[in-house]
Amino acid sequence: MKKITIFILGTFLMYTADAQKIYFGIKGGVNASTLHSTTNTNFENKIGFNIGGLAHIHTSKTWAIQPEIFYSLEGTRASLIGSNNKITYNLNYINVPVLLQYFFSNGFRLEGGPQMGFLLSAKTKTGNVTVNDKGFQSTAVSIPLGIGYLSSSGLGIDARYVFGLSNINDNSNGSTVQSNVFQFGFFYQLGDTKILR
């Protein structure tokens, strides 16, 4: 799956680079993530962060495609039954979304598209004890949907909600678990802002 994803992304970038100019940028922000399970586990939001880069490709005056690659700290928290302690799941991903963006004349944009996440590590923390967790799939498929704004200076803000599609639980006899993340952040985009807006 990883080789297929990298191949498709690489082929796409080679094609668009031949026809359009690519504008690069950096991005970072805050995550509020949780897990959704088919069991009755009461998961809570966990605060994390994300940081990475983007490549912005205008295909027309109102449409663009924006591949990104960024590190994202995700997971969730849950209360242990019969205890005051909480268990924290820390999931470290490299995420690669490919977003289709629609532009308004005032600098606002709508965006959405597929995202592939590659798990770097998974750890659970209970009290002061942290252990590696082998119970998660190495990849995750999701759909981010959001809105952004780019100023004339090249600085912008965006907010998106990432809907988890795939089951990230690696236990074949376990419940279905999906990761959902709200992201809010800032980005800086290099290039001609008259074109980018």
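Analyst: Buried means under 20% relative accessible area, exposed over 50% and partly exposed in between, with a 1.4 Å probe and protein chains only. The model is predicted, so local features need pLDDT of at least 70 and side-chain atom pairs 80 or more, while totals for chains, interfaces and linings use all residues. Residues count from 1 along each chain as its sequence is written, and side-chain values use heavy atoms, without hydrogens or water.

R160 is buried, at 2% relative accessibility. Its side chain meets that of E68 in a salt bridge, 3.0 Å from N to O (a Lys or Arg side-chain nitrogen within 4 Å of an Asp or Glu carboxyl oxygen). This pair links distant parts of the chain: E68 is in strand β4, R160 is in strand β10 (residues 155-164), and 92 residues separate them. Strands here are DSSP runs of E, at least two residues long, numbered from the N terminus.

The side chain of K27 forms a salt bridge with E68 at 3.8 Å, N to O. Again distant parts of the chain are linked, 41 residues apart, with K27 in strand β1 and E68 in strand β4.

How many salt bridges does a search of the whole structure find? The search gives five. Another of them joins K86 to E44, with the closest N and O atoms 2.8 Å apart. K86 lies in strand β5 and E44 in strand β2 (residues 43-44), so this bridge ties together parts 42 residues apart in sequence. K86 is partly exposed, at 27% relative accessible area, and E44 is also partly exposed, at 28%.

Returning to the E68–R160 bridge at 3.0 Å, shared partners extend it into one network made up of K27, E68, E111, D158 and R160.

A cavity is a set of points, on a 1 Å grid over the protein atoms alone, where a 1.4 Å probe fits but cannot get out; lining residues have an atom within 4 Å of a point. The second largest cavity holds about 50 Å³, taken as the space filled by probe spheres set on the points. At least two of its lining residues come from each of β1, β10 and β11; β11 has the largest share, with five.

In total, the structure has three cavities of 30 Å³ or more. The largest has a volume of about 130 Å³ and a lining of 17 residues, with E74, Q115, A140, S142 and S179 nearest its centre. Two or more residues of this lining come from each of β5, β7 (115-126), β9 (139-150), β10 and β11 (177-189). Here too β11 gives the most, four residues.

Note on methods. 1 Å grid on protein atoms, 1.4 Å probe; cavity = no way out; pocket = protein on both sides within 12 Å on 5 of 7 lines; lining within 4 Å.
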